[in-house]
Amino acid sequence: METGVVIKSVGSRYRVLLGNGETIECTLRGKLRIKGVETTNPVAVGDNVTAERESDGKTGIITEVLERRNYILRRASNLSKQFQIIAANLDQVLVMVTIILPATPVEFLDRLLVTAEAYRIPARILFNKTDLYGEEETKRMEYLISVYSRAGYPCHRLSLEKGDGIEDLRNSMKDMVSLISGNSGVGKSTLLNILNPELRLKTGKISDYHKQGKHITTFPEMHRLPFGGYAVDTPGIRGFGLADMEKNEIYHFFPEIFRVSKECKFYNCLHLDEPGCAVRKSVETGEIDFLRYKSYFSILNDENTKYR
Ligand SMILES: Nc1nc2c(ncn2[C@@H]2O[C@H](COP(=O)(O)OP(=O)(O)OP(=O)(O)O)[C@@H](O)[C@H]2O)c(=O)[nH]1
Ligand SMILES: [Mg+2]
Ligand SMILES: [Zn+2]
């Protein structure tokens with residue numbers, strides 16, 4: 001019996017990195033049962049497992065999945081009620097966004113941040129492709145940086161093309177397990193190729209016609225970083241699963257809204273149109289950005305959000 005970490009999962013095949021640095025291809029033991037969430041995949045990238053080696057020595061069977069510290073889910077498909085675990089046992093989530101080519105919708109960013117908050121995983125925001133920004137795009141980026149850093153998220157300005165901001169980011173990733181998420185085409189795989197030049201991951205072109213990525217990466221995969229730590233490259237995610245959330249706890253996952261909510265008149269205030277709502281007042285004064293409030297409102301009213 002050996003222990004290891006799942007670094008890749010495609011269908012029912014799992015690649016497990018063992019303690020001695022060796023990797024073996026594994027399948028699951030048929031009757032393996034995992035407690036907790038109902039998901040389409042019982043084992044995910046980042047899971048710590050025990051494995052039994054087959055007689056050929058190169059393949060194995062996963063016999064147990066050790067308890068998860070945390071995990072990030074996504075909706076299995078756009079309108080599906082089923083969830084898929086993207087990765088488990090993470091130290092941080094890096095949300096990569098771009099102002100243009102492609103433009104990341106703010107609500108998409110907020111849903112990723114809410115998911116990270118719900119599982120208490122710290123998040124950073126990476127603004128990439130600054131080399132493509134003109135005056136207007138730079139202004140937009142600086143505005144978003146002011147909104148999100150006030151909310152408490154560290155923000156990085158990156159140009160992977162020119163090499164700007166990479167040293168700083170590397171320091172923030174050292175010895176950590178990071179999940180790199182973001183919409184298709186923002187540069188997630190490009191970042192990994194820079195952090196570990198041995199990888200040569202496939203990257204895509206942004207078509208001028210659609211101005212968005214083409215979902216080049218199709219499976220989450222964990223990669224070792226030469227300076228210490230791991231990073232999970234993920235496919236550009238279309239829909240995120242906000243599982244297991246009570247309607248009246250969603251605002252807990254917007255840090256700046258949560259802080260102010262303590263001054264609302266009613267303890268069960270949903271910050272819609274209740275009298276004495278401190279959140280609404282702060283939106284009016286601009287202390288809470290309207291952009292963020294809009295995302296909160298939309299998640300609250302999203303019938304696809306699965307409530308407990
Ligand atoms: N101009 C510019 N292009 C960049 C930068 N970073 C990445 N790109 C380009 O953006 C395109 C998409 O990059 P990918 O790394 O494939 O994007 P991804 O996020 O992995 O996309 P998916 O795997 O589809 O989710 C590639 O052509 C990159 O060369 C940057 O800082 N500036
Ligand atoms: Mg990719
Ligand atoms: Zn309120």
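# A tour from asparagine 183

Select asparagine 183. Leaving aside residues up to four places away in sequence, asparagine 183 touches Pro102, Thr104, Phe108, Gly213 and Gly236. The model you are looking at is predicted. Asparagine 183 sits in the loop between strand S11 (177-181) and helix H4 (188-195). Is this residue buried or exposed? Asparagine 183 counts as buried because it has 24 C-beta neighbours inside 10 Å, and the cut-off for buried is 20 or more. Proline 235 is 52 residues from asparagine 183 along the chain, yet their C-alpha atoms are separated by 7.9 Å.

**Stop 1: a cis bond**

Go to proline 102, one of the residues that asparagine 183 touches. Look at the peptide bond from leucine 101 to proline 102. This bond is cis, with omega near -5°. Most peptide bonds are trans. Proline 102 is in the loop between strand S8 (92-97) and helix H1.

**Stop 2: helix H4**

Return to asparagine 183 and follow its loop to H4. Select the buried residues of H4: Lys188, Ser189, Leu191, Leu192 and Leu195. Turn the view until you look down the axis of H4. The buried residues fall within an arc of 155°, so they line one face of the helix. What do these buried residues pack against? Their partners are S8, helix H3, S11, strand S12 (221-224) and strand S13 (230-233).

**Stop 3: the ligand**

Select ligand 1. How many residues surround ligand 1? There are 26, and the closest are Glu161, Gly187, Thr203, Thr217 and Gly236. Gly236 is also one of the residues touched by asparagine 183. Colour the shell by class. You will find 14 polar residues, 6 nonpolar and 6 charged.

**Stop 4: leucine 94**

Move to S8 and pick leucine 94, which lies in this strand. Leucine 94 is buried because 26 other C-beta atoms lie within 10 Å. Next, show its contacts. Not counting residues up to four places away in sequence, leucine 94 touches Arg124, Leu126, Ser178, Leu179 and Ile180. Take leucine 179 from that list. Leucine 94 and leucine 179 are 85 residues apart in sequence, and 5.9 Å apart in space from C-alpha to C-alpha.

Now zoom out to the whole protein. Take the contacts with a separation of 6 or more: 63% of them join residues 24 or more positions apart.

**Stop 5: the nonpolar core**

Nonpolar side chains tend to be buried together in soluble globular proteins. Look for that here. The largest nonpolar core has 72 residues. Which of them have the most contacts inside it? Select Val6, Ala44, Ala87, Val93 and Val95. H1 (residues 106-118) gives the largest share of this core, 6 residues.

Centre on alanine 44. Not counting residues up to four places away in sequence, alanine 44 touches Val6, Ser9, Tyr71, Ile85, Ile86, Ala87 and Ala88.

**Stop 6: strands S6 and S7**

From Ala87, select strand S7 (residues 83-88). S7 is mostly covered, with 5 of its 6 residues buried. Strand S6 (residues 71-75) pairs with S7 in the antiparallel sense, over 5 bridges. Find isoleucine 72. Its bridge partner in S7 is alanine 87.

**Stop 7**

Most residues other than glycine have a negative phi. Here are two with a positive value. Select arginine 120, in the loop between H1 and strand S9 (123-127). The phi of arginine 120 is near 55°. Arginine 120 is exposed because it has 9 other C-beta atoms within 10 Å, and the cut-off for exposed is 12 or fewer.

Then select aspartate 175, in the loop between H3 (166-173) and S11. Aspartate 175 has a positive phi of about 65°. Aspartate 175 is exposed, with 10 other C-beta atoms within 10 Å.

**Last stop: helix H7**

Select helix H7 (residues 290-300). Which of its residues are buried? They are Arg292, Tyr293, Ser295, Tyr296 and Ile299. Look down the axis of H7. These residues fall within an arc of 160°, so they line one face of the helix. They pack against H1, helix H2 (135-151), helix H5 (255-261) and helix H6 (278-285).

Finally, show everything. The protein has 7 helices and 13 strands. Of its 308 residues, 38% count as buried.

How values were computed:
Residues are numbered from 1 along each chain as its sequence is written. Chains are lettered from A and ligands numbered from 1 in the order in which they are written. This is a predicted model: local features need pLDDT of at least 70, side-chain atom pairs count only at pLDDT 80 or more; totals for chains, interfaces and linings use all residues. Helices (H or I, at least four residues) and strands (E, at least two) are DSSP runs, numbered from the N terminus. Two strands pair if DSSP finds at least two bridges between them. A residue is near a molecule or strand if its C-beta atom, placed from the backbone, lies within 6 Å of it. Ala, Val, Leu, Ile, Met, Phe, Trp, Tyr, Cys and Pro count as nonpolar, Asp, Glu, Lys and Arg as charged, and the others, Gly among them, as polar. Two residues are in contact if their C-beta atoms, placed from the backbone, lie within 7 Å. A nonpolar core is a set of buried Ala, Val, Leu, Ile, Met, Phe, Trp, Tyr and Cys residues joined through C-beta atoms within 7 Å. The arc is that of the directions from the helix axis to the C-beta atoms.
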